Amino acid sequence: MKHAELLEQLKLSGFKRALWVYHLNTGGCNGCDIEILAALTPRYDVERFGIKLVGSPRHADVLLVTGTVTRPMYERVKRIYAQTPDPKVVIAIGGCASTSGVFYDSYNVMGPVDNVIPVDVYVPGCPPRPEAIIHGVVKAVVKLERLLEGKEA
Amino acid sequence: MKEVRLEPEEMSEKKLEKTCPTCFEVPIGPIHPALKEGIRFTFWVEGEKIKKVDIRPGFMHRGIEFMGTKRNLVQLIYLAERICGICSVSHPLALVQAVEEAAGIEVPPRAQYIRVIIGELERIHSHLLWAGVAAHELGFDTLLHYVWKVREPVLDLLEDITGNRIDYAIPIYGGVRRDIPPEKYPKLKDALRYYRSLVDDFVNFFLRDPSIEARTRDVGILTREEADVLCAVGPTARASGLRKDVRQDWPYFTYPDLEVKALTPEDMGLEVRGDVYDRIVVRLLEVVQSIQIIERCLEEMPEGEITSVPKVAALLAQLKKAEGEGIGRHEAPRGEVIHYIRLEADKEAPVVWKVKAPTYSNFMPWFPMFEDQEIADIPIVAASIDPCICCMERVYLVRGEREEVVWKEELLRLSREKTKRVASRLARHAPWGRKG
């Protein structure tokens, strides 16, 4: 088997087993962040599906971005996106990440996350419930697998 | 007392090179797995020991006070709620007190009891959240999962009462937006009984565990004097032996009747050392205290109205006419939060809105806490004050492309310059200022 083919298969089987997520707070209020953490802990326990929070964007398949993007975080969000290996999916969690929410008219807010990096899945809510966050991650899995199969998402 | 160095010049690398040639710099943040929010620490370490620390905030600043001056007062509550998602009822509670003082709005007694109940339920959820994060920082992920599992019932309760797990939208000027009907009392009491039954487990897991004790005893010490001088608030101050609590010193709502006392480790028969262990002790004591407060509130809560101005349109009209200023204080889970507001007649938006969050006061105590600690203790010491960065970031200057955070010294310098400027202008124009 060719090396590239093997690699493709490994990637595929890898995604069918586990999805590693990286959580990035770009200037949110912590509401969404604690709901992400609640989704990981025993009541919702997404780790049983192999969804795992990792400490570095270089290990991640999915970026969970919370909060509206503040001016100092603008360049850093771009850098984190560039550090995440392809194929990747970005999930904007909460009203602020999706539309800037209540922080729409500030001098220090650069707008929602899709002003900075491409976003694939939007999870609305202020904050979204853990079930909604899990639903968003499942949509991301579907999209990732389509990307891996070489289809247009 | 240890000398507390705070001046930015002291922190500069040049000065450090002279005093500590073998030090090297370890930057942490703003994006780092040990941090939940963006803040940058720069540590100068010699071997394993931290010699100096510099902290650079500003990454989470959203300009909320500025936005507040463009919205009407009812919209302001929703904005205040989103200053912080963890203490999401503390900020609105302080804000409504400030506006009620400015506009002279009365609050019915039942509404005050409901405010206290929601505030204390939030304290339980916030302290449990902190306990989980602290366990995680120490490397006890089992304990993190256990604590977050037992935290869910209080969120269920809040959802049942207010309609949302976080951001409850419960206070409004003149009262609260939702009543707690008597049918829900048994549910509340069951949940409180459940938390009471867990207290022994918590004491065993957190306070009697030898490895937790080894990691937290005599780590990140803040002495009583330092806490006093640096104006620490909340559990951070109380763990250093300062009996300081807004609910005791400046009682509001129904707290005067409830006779809340500030708790220190002495109340558990322990000697106060001001370390991380003491901060765990204080937070556990406060969970028990909150349970007692809610139980008493449920017994004493009178029947009656839940708001003095039920119609929002009438409320807005009344607020538009109001003129004056007000201050609201609330003991948030992390310490004292203060809101100042100034209203002018015929203006829907406030003219001035100033927020002081507890982490802003607990920021300076970080400096003595970090001194001479090991690098490995950074996460737990940083977490021990229960920092809430998004609450804190209020002052931030953007000048064109340049961005800078205003230090206290810088503010003081600006303020002194302004005084000089104003004084000289006055001296030129005033008759008593002319010489000769």
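Helices (H or I, at least four residues) and strands (E, at least two) are taken here as DSSP runs, numbered from the N terminus. The model is predicted, so local features need pLDDT of at least 70 and side-chain atom pairs count only at pLDDT 80 or more, while totals for chains, interfaces and linings use all residues. Residues are numbered from 1 along each chain as its sequence is written, with chains lettered from A and ligands numbered from 1 in the order in which they are written.

By this assignment chain A has 5 helices and 5 strands, and its elements run α-β-α-β-β-α-β-α-β-α from the N terminus on. Two residues are in contact if their C-beta atoms, placed from the backbone, lie within 7 Å. Among contacts in chain A between residues at least 6 apart in sequence, 80% join residues at least 24 apart. A residue is buried if 20 or more other C-beta atoms, again placed from the backbone, lie within 10 Å of its own, exposed if 12 or fewer, and partly exposed in between. On that count, 48% of the 153 residues of chain A are buried. Helix α2 of chain A (residues 31-40) is mostly covered, with 10 of its 10 residues buried; among them are Cys32(A), Asp33(A), Ile34(A) and Glu35(A).

Several loops of chain A have backbone features to check. Pro127(A) is in the loop between β5 (121-123) and α5 (130-148) of chain A. Ser100(A), which is not a glycine, has a positive phi of about 80 degrees and is found in the loop between α4 (95-99) and β5 of chain A. Ser100(A) counts as buried because it has 21 C-beta neighbours inside 10 Å.

Asp346(B) is found in the loop between β7 (335-343) and β8 (352-356) of chain B. With 7 C-beta neighbours inside 10 Å, Asp346(B) counts as exposed.

The next topic is the nonpolar core, defined as a set of buried Ala, Val, Leu, Ile, Met, Phe, Trp, Tyr and Cys residues joined through C-beta atoms within 7 Å. The largest such core has 167 residues, of which Val62(A), Leu64(A), Val65(A), Ile91(A) and Ile93(A) touch the most other members. The largest share of this core, 16 residues, comes from helix α6 (residues 109-138) of chain B. Leaving aside neighbours within four places in sequence, the contacts of Ile91(A) include Val62(A), Leu64(A), Val65(A), Val121(A), Gly136(A) and Ala140(A). In soluble globular proteins, nonpolar side chains tend to be buried together.

Helix α6(B) leads on to the helix packing of chain B. Axes are lines fitted to C-alpha atoms, for helices over the stretch in contact, and angles run from 0 to 180 degrees between N-to-C directions. The axes of α6(B) and α14(B) come within 9 Å and cross at roughly 155 degrees. The two helices α6(B) and α14(B) are therefore roughly antiparallel, a term for angles over 145 degrees. Their contact includes Tyr113(B), Ile117(B), Ile124(B) and Trp130(B) of α6(B) and Ile280(B), Val287(B) and Ile294(B) of α14(B).

Helix α14 (residues 276-300) of chain B also packs with helix α8 (residues 185-207) of chain B, at an angle of about 160 degrees and with the axes 10 Å apart. That makes α8(B) roughly antiparallel to α14(B). Among the residues making this contact are Leu188(B), Leu192(B) and Val199(B) of α8(B) and Ile280(B), Val287(B) and Ile294(B) of α14(B). The residues of the contact of α8(B) with α14(B) divide into 17 nonpolar, no polar and 3 charged. Here Ala, Val, Leu, Ile, Met, Phe, Trp, Tyr, Cys and Pro count as nonpolar, Asp, Glu, Lys and Arg as charged, and the others, Gly among them, as polar.

Finally, the two chains meet through 36 residues of chain B in contact with 33 residues of chain A. On the side of chain B that touches chain A, α7(B) gives the most, with 4 residues. The residues of that side divide into 19 nonpolar, 7 polar and 10 charged.

Conventions:
Angles under 35 degrees count as roughly parallel, over 145 as roughly antiparallel, 65 to 115 as roughly perpendicular and the rest as oblique.
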